[in-house]
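Reader: I would like to go through this structure by question and answer. Please start with whatever definition is needed to follow the fold.

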Amino acid sequence: MVAQETRRVYMDYSAGKPVDLRVVKEMLPYMESSHGNPSSLYTFGQEAKRALDESRAKVAKLINAEKPETIIFTSGATESNNLAIKGAANRNKAQGTKILTSSVEHMSVVNTCKSLVKEGFQTVFLPVDEFGLLDLEKLEEEIDGETTLVSVVYANGEIGTIQPIKAISQIVHAKNAFLHVDATAACGQVPIDVNIEGIDLLTISSNDMYGPKGVGALYLKDGVHVAPILHGGGQERGLRSGTENVPGIVGLAKAAEIAQNEMQAESKRLTILRDSLIHGLLDPIPSSFLNGHPTMRLPDNVSVRYSFIEGESILLSLDLMGVYASSGSACTAKTLQPSHVLLAIGLKHEEAHGSLMLTLGKQTTQEDVDYVKNLMPSVVERLRKISPLTPKELKKECIRTK
Amino acid sequence: MYSDKVMDHFKNPRNMGEISNPDGVGTVGNPVCGDLMTMYIKVNNNRIEDVKFKTFGCGAAIATSSMTTELAKGKTIEEALTISRSSVAESLGGLPPVKMHCSNLAADALHAAIKDYQEKREKKKEVRK
């Protein structure tokens, strides 16, 4: 095996992103001097209040929301998803108790929907196709007069597939239900317009846009009501009690502003790197496959799988060479089940175990991509030599390509 | 997450491969669960003269396979049968708790190979009779 190298290539941006230094700079005054409580009447508090208002406007602008007041600040995407789903389900209980969602959602949507079942709601997890796209026919079949909310991820962070939100919205609105979209992975990477796309509730994460962790937002279209899940001092229009995390919110807003200005160029750059990496990881290696959609895909997401080998051992091998990535294997998760997203796109358990996810970001360069491309064939070949599953023909091919 | 010893065996697995005419073969695990191991043994005068493995699985699965072969090589059948999951984990300087059950199957694969060897030998005896 290749000796440990000092080069470090971080390709797990979807797990955590560094905070943009411009964001840090913007936040600092609100931790040092302007530390007032926005609820206080005196000037000091009003400075913080102004910062909140400006932040709301910036976040609203990123998604073309009709007005700043439609933005509710939360502690992050998990809370936004909880507030959207539990809040809308409970607030509209009199109209119906059926909630639809997809089978490629983040756990904060999956488990929130499951928790509603215990409260008497009916939750349906709609299937997706082999690329991870929601089955629109099934959506039309399942949606009925009892359905009050449909929750769909804008783009799945594991396989990168971007959903046809506008088409989904038309089906949902035809039945007078609300559409909640979890845009955690997508927001800041691809342009989102809540008006054009017909989105009623939208989850936004700060860290996924290079803002600080522990802060997020929920867009609530004018006229869409949710019941709060946190009770207290009545901040955020009574929908999210608790003293506002002003530095975090200012950071989120700055991150949103930067994303808006730089998204186009950065997404173009990342898409080129993404496709270069996908080709490099698949073309020279037999029995290798892409997970997710080839083109309707987040610019930062590379998800591949290799037959006959297991994901954690790929990650460990990469780690030894300074490459930090992620896997759909159960061995890297808290449960013994492989990723539900990979199973939902029809992969067998053993295929899901052999999956590798690399997510790119602002600091990823072509050199990083080339480095990973160059070392992957030998990593896969070594593990396949150890594996009892590798077919004889493939073993010969591995040796020949040496 | 892993001890240096686990990483050493993962990086440089000992006795990896197959034995062409083995006296015993044992396979445990299931690719569906993410772990599958095959252990091959060559026995001479009741002693495990050679042992090799093939493993599909995580780092712990590969390291425990490698360690098990190292522990088993040169041992008598009776000695080899005392090798257990916990003695393999111990020899590796411990395993993360979550790996103790799912990926620590190599001792079982060795025992299965020994059982296969013993059954084959019984059959041979019967044929001679």
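Author: Helices are DSSP runs of H or I with at least four residues, and strands are runs of E with at least two, numbered from the N terminus. The model discussed here is predicted.

Reader: What is the radius of gyration of chain B, and what does the globule rule give for 129 residues?

Author: The C-alpha trace of chain B spans about 55 × 30 × 25 Å along its principal axes. For 129 residues the globule rule gives 14 Å, and chain B is close to that value, so it is as compact as a globular protein of that length. The radius of gyration of chain B is 14 Å.

Reader: What share of the contacts in chain B with a separation of 6 or more comes from residues 24 or more positions apart?

Author: Of the 129 residues of chain B, 45% count as buried. For contacts in chain B with a separation of 6 or more, the share from residues 24 or more positions apart is 64%.

Reader: Does Leu110(B) count as buried or exposed?

Author: Leu110(B) is part of helix α6 of chain B, residues 106-128. A residue needs 20 or more other C-beta atoms within 10 Å to be called buried. Leu110(B) has 30 C-beta neighbours inside 10 Å, and therefore counts as buried.

Reader: Where is Asn45(B) found, and what is its phi?

Author: Most residues other than glycine have a negative phi. Asn45(B) is not a glycine, yet its phi is positive. Asn45(B) sits in the loop between β2 and β3 of chain B, and its phi is about 55°.

Reader: What is the phi of Asn46(B), and does Asn46(B) count as buried or exposed?

Author: Asn46(B) is also found in the loop between β2 and β3 of chain B, and its phi is positive, near 65°.

Reader: How many residues of chain B are in contact with chain A, and which element of chain B supplies the largest share?

Author: The contact pairs 18 residues of chain B with 19 residues of chain A. On the chain B side, α1 (4-11), β2 (35-44), β3 (47-56) and α2 (59-72) each supply at least two residues. By class, this side has 10 nonpolar, 6 polar and 2 charged residues. The largest share, 3 residues, comes from β3(B).

Reader: What is the radius of gyration of chain A?

Author: The secondary structure of chain A comes to 14 helices and 13 strands, and its C-alpha atoms fill a box of roughly 75 × 50 × 35 Å along the principal axes. Of its 402 residues, 52% count as buried. A compact globule with 402 residues would have a radius of gyration near 21 Å, which agrees with the value for chain A, 22 Å.

Reader: How is chain A divided, and how far apart are the C-alpha centres of its domains?

Author: Domain 1 of chain A covers 9-17 + 263-400, and domain 2 covers 21-260. Their contact takes 23 residues from domain 1 of chain A and 26 residues from domain 2 of chain A. On the domain 1 side, α9 (246-282), β10 (301-306) and α11 (340-344) of chain A each supply at least two residues. The C-alpha centres of the two domains lie 30 Å apart.

Reader: At what angle do α9(A) and α13(A) pack?

Author: Leu273(A), Ser276(A), Leu277(A), Gly280(A) and Leu281(A) in α9(A) meet Gln366(A), Val369(A), Val372(A), Lys373(A) and Met376(A) in α13(A). By class, this contact has 6 nonpolar, 3 polar and 1 charged residues. The axes of α9(A) and α13(A) are 9 Å apart, and the angle is about 10°. Angles under 35 degrees count as roughly parallel, so α9(A) is roughly parallel to α13(A).

Conventions: Residues numbered from 1 in each chain as written. Chains lettered and ligands numbered in written order. Predicted model: local features only at pLDDT ≥ 70, side-chain atom pairs only at ≥ 80, totals over all residues. Domains from an automatic or database assignment. Contact = placed C-beta atoms within 7 Å. Nonpolar A, V, L, I, M, F, W, Y, C, P; charged D, E, K, R; others polar. Axes fitted to C-alpha atoms, helices over the stretch in contact; angles between N-to-C directions. Parallel < 35°, antiparallel > 145°, perpendicular 65-115°, else oblique. Rg over C-alpha atoms; globule rule 2.2 N^0.38 Å. Buried ≥ 20, exposed ≤ 12 C-beta atoms within 10 Å, placed from the backbone.
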